[in-house]
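Welcome! Please take a moment to look over the sequence and the model below before reading on.

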Amino acid sequence: DRSAQRWALVLIGCIAVVTLALLVGFLVHGYRLRQLSALRLEAARLRVERGNLADYTASAQLLGATGGAGSGGAAVQHLHARLVAAIPIEFGDRWGAAPAPIADGAWEDDEEAAAAVYLRLVGGQLDQAEALAARALRSFPESALLLYLRGRLALLRGEPERAQQWLMQATQRAPRAVLFAAALGEALRGRGEPSLALQQYQRALQLNRVHVASALGRARCLLELERLADAGRQLQQVLHGELRAEAARGQQAWAFLLLGNLHRVARDPDEARRDLQQARSLAPATDPVFLEELAWALMAVDRVGEAETAAAAAAALMPGRPRAALLSATVLLREGRLQEAWEQAQRASTLAEAALVRAEVEFRVGRVEQAARELQSWPVVASSPAGQLLAARVAAARGESEDALAAARELAASQPAQVAALTVVGGLLL
């Protein structure tokens with residue numbers, strides 16, 4: 001009847017109204033989620049630019065809370081994956097659950113590509129990481145992040161000149177990214193320009209006055225410039241001052257390592273050994289560069305066995321790095337294992353310092369002319385204190401006593417702590 005029809009129409013109308021209300025509610029909720037996702041994504045990106053571990057972890061937590069909500073879900077997930085993958089490489093220790101493997105080449109944006117590169121590095125696959133970074137930059141040529149990664153990889157290869165080229169482009173495109181600015185400082189320092197590097201680190205600290213990596217880089221430059229008191233004050237800021245709360249465990253290890261080098265230069269070997277012991281106890285688990293520098297420092301205070309252990313750990317973390325091979329060659333040379341030292345030096349043939357190891361091996365086995373040629377092949381090595389000392393010994397072995405004496409005397413005058421130079425002078429005078 002008509003009454004039943006009217007009630008049916010009313011019921012249908014009510015259902016339609018409820019359905020429409022639900023649909024509008026879902027649309028509004030989705031819009032709000034998209035807005036929230038976008039806001040959190042932008043907040044995370046701005047925080048990451050500050051470049052400390054706390055900035056990375058806070059951003060990753062913020063993005064994790066956002067999840068895959070809304071249309072920004074992919075961008076959120078990719079940035080989150082990149083941050084979690086980057087932390088072991090940038091700060092030396094893992095954080096959170098490792099991101100899922102990322103298919104090579106099937107990247108939606110530069111963040112996802114960068115995450116894939118970082119994951120290769122975490123796995124110690126430097127060659128594959130370089131290949132991926134090159135492919136990624138061809139796919140996203142405007143990406144400052146991928147330019148930075150190309151520079152970061154060149155630094156890991158021990159190629160600061162090439163790193164500088166990439167990092168200058170990265171800092172131009174992302175002038176407020178403090179980590180990029182600090183990496184450029186490291187490239188300049190690696191090129192043997194500590195004054196320019198110091199200026200670059202100071203620019204990075206203007207962007208974020210509590211950026212720990214820049215403070216450590218600044219301290220290292222001050223050490224190389226023999227401004228020991230200034231370097232010591234900077235390191236104390238990391239260990240006990242306003243930067244302490246920002247410093248990752250691995251960065252505290254770096255501070256103790258540099259403090260050990262400072263005390264060694266200041267001729268306080270006991271204090272240097274205590275600092276290096278602290279550095280060892282805090283050693284970052286995923287930083288091969290730290291382990292290499294620790295090995296060099298341990299050798300300098302005659303802890304050769306401990307240096308060999310650190311060198312082996314560095315090589316295992318990321319095989320194929322020339323500086324790891326150079327370190328191994330130097331340790332083997334100190335132990336008198338000449339053939340093995342030569343072989344490792346050959347693996348580091350792209351580095352000038354490897355020529356010095358090969359020259360020393362040639363000299364010790366009596367091939368004086370070959371030692372001289374090795375020294376002459378890299379002028380930067382021949383002009384270094386160690387190169388000058390070996391050149392004096394080579395000249396003495398050739399019977400060129402006057403040249404050897406002049407070279408050794410000049411080195412002893414400029415480097416009074418060079419006991420070996422004084423030994424050469426004394427031997428020639430007798």
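Predicted model: local features only at pLDDT ≥ 70, side-chain atom pairs only at ≥ 80, totals over all residues.

Residues are numbered from 1 along each chain as its sequence is written, and side-chain values use heavy atoms, with hydrogens and water left out.

Let us begin with the whole chain. The protein chain has 23 helices and zero strands; here helices (H or I, at least four residues) and strands (E, at least two) are DSSP runs, numbered from the N terminus. Of its 430 residues, 48% count as buried, where buried means under 20% relative accessible area, exposed means over 50%, and partly exposed lies in between (1.4 Å probe, protein chains only). Contact means heavy atoms within 4.5 Å. Among contacts with a separation of 6 or more, 57% come from residues 24 or more positions apart.

Next, the interior. In soluble globular proteins, nonpolar side chains tend to be buried together. A nonpolar core is a set of buried Ala, Val, Leu, Ile, Met, Phe, Trp, Tyr and Cys residues joined through side-chain atoms within 4.5 Å. The largest one here has 100 residues, and Tyr148 and Phe180 have the most contacts inside it. A second, separate core of 13 residues includes Leu338, Leu351, Ala354 and Val361. Back at Tyr148, if we set aside neighbours within four places in sequence, its contacts include Glu90, Tyr118, Leu167 and Phe180.

Is glutamine 200 buried or exposed? With a relative accessible area of 7%, glutamine 200 is buried. A polar atom of its side chain lies 3.1 Å from the backbone oxygen of alanine 181. Not counting residues up to four places away in sequence, glutamine 200 touches Ala181, Leu184, Gly185 and Leu188.

Now for some helix pairs. Axes are lines fitted to C-alpha atoms, for helices over the stretch in contact, and angles run from 0 to 180 degrees between N-to-C directions. Angles under 35 degrees count as roughly parallel, over 145 as roughly antiparallel, 65 to 115 as roughly perpendicular and the rest as oblique.

Helix 15 (residues 304–317) and helix 16 (residues 322–334) pack at about 155°, with axes 10 Å apart. That makes helix 15 roughly antiparallel to helix 16. On the helix 15 side, the contact involves Val304, Glu308, Ala311 and Ala315. The axes of helix 14 (residues 288–300) and helix 16 come within 10 Å and cross at roughly 20°, so these two are roughly parallel to each other. Helix 14 contributes Glu292, Ala295, Trp296 and Met299 to that contact.

Alanine 311, in helix 15, is buried with a relative accessible area of 8%. Leaving out residues up to four places away in sequence, alanine 311 touches Ala295 and Leu327. Alanine 311 and glutamate 292 are 19 residues apart in sequence and 5.6 Å apart in space, C-alpha to C-alpha.

Our last stop is helix 18 (residues 352–364) and helix 21 (residues 385–397), which pack at an angle of about 25° with axes 11 Å apart. Helix 18 and helix 21 are therefore roughly parallel. Leu356, Ala359, Glu360 and Phe363 form the helix 18 side of the contact.

How values were computed: Polar contact = N/O pair within 3.5 Å; in protein donor to acceptor, adjacent residues only side chain to side chain.
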